[in-house]
Amino acid sequence: MYKILYKGDILAYCEKPNYVKIADNGCYNSCSRDEAIGIAVHSIVYPLDQVVVGEADIGVMAENFTKQGEDLLDVQEVVINQAVDSSLTSLGVEE
């Protein structure tokens, strides 16, 4: 798995980078890394000197997504608890 960065932002994760060159007819064609002038991501070509391609650890990615999901659930729980407390207080209900 590869991670493609452009100006520090993640453009994509992919199984294999799509390196491209300009063919004789002016169109972009897939090619080897050695022949490439850019990388195509979602049909947009980015110059090689402006992207960083690195290997991505799918296990670490999965852990990060799990952690982000857990953090979001924690925030939602706090917001819900605050809303309930506020509603009970406005109704004059004490715990």
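Trainee: Why does I10 count as partly exposed?

Mentor: Because I10 has 47% relative accessibility. Buried means under 20% relative accessible area, exposed over 50%, and partly exposed in between, with a 1.4 Å probe and protein chains only.

Trainee: What am I looking at, and how is it numbered?

Mentor: This is a predicted model, where local features need pLDDT of at least 70 and side-chain atom pairs count only at pLDDT 80 or more, while totals for chains, interfaces and linings use all residues. Residues are numbered from 1 along each chain as its sequence is written, and side-chain values use heavy atoms, with hydrogens and water left out.

Trainee: Which surface patch includes I10?

Mentor: A nonpolar one formed by M1, I10, Y13 and I58, with about 350 Å² of accessible area together. Patch residues have over 30% relative accessible area and no salt bridge; like charges are joined within 9 Å, and nonpolar side chains (Val, Leu, Ile, Met, Phe, Trp, Tyr) within 5 Å. A salt bridge is a side-chain nitrogen of Lys or Arg within 4 Å of a carboxyl oxygen of Asp or Glu. Accessible areas come from the Shrake-Rupley method with a 1.4 Å probe, and for residues only the protein chains shown count as cover.

Trainee: Which strand holds I10?

Mentor: Strand β2, residues 9–14. Strands (E, at least two residues) and helices (H or I, at least four) are DSSP runs numbered from the N terminus.

Trainee: How does β2 pair with β1?

Mentor: The two run antiparallel, joined by 5 bridges, with β1 covering residues 2–6. Strands pair if DSSP finds at least two bridges between them. Y2 has C14 as its bridge partner in β2. The hairpin has 2 residues between the strands, and K7 takes a positive phi near 55 degrees there.

Trainee: Change of topic. I39, buried or exposed?

Mentor: I39 is buried, at 0% relative accessible area. I39 is in strand β5, residues 38–41.

Trainee: Which residues make up the largest nonpolar core?

Mentor: There are 11: I4, A12, C14, Y19, C31, A36, I39, V41, Y46, L48 and V51. The elements giving two or more residues to this core are β2 and β5. A nonpolar core is a set of buried Ala, Val, Leu, Ile, Met, Phe, Trp, Tyr and Cys residues joined through side-chain atoms within 4.5 Å.
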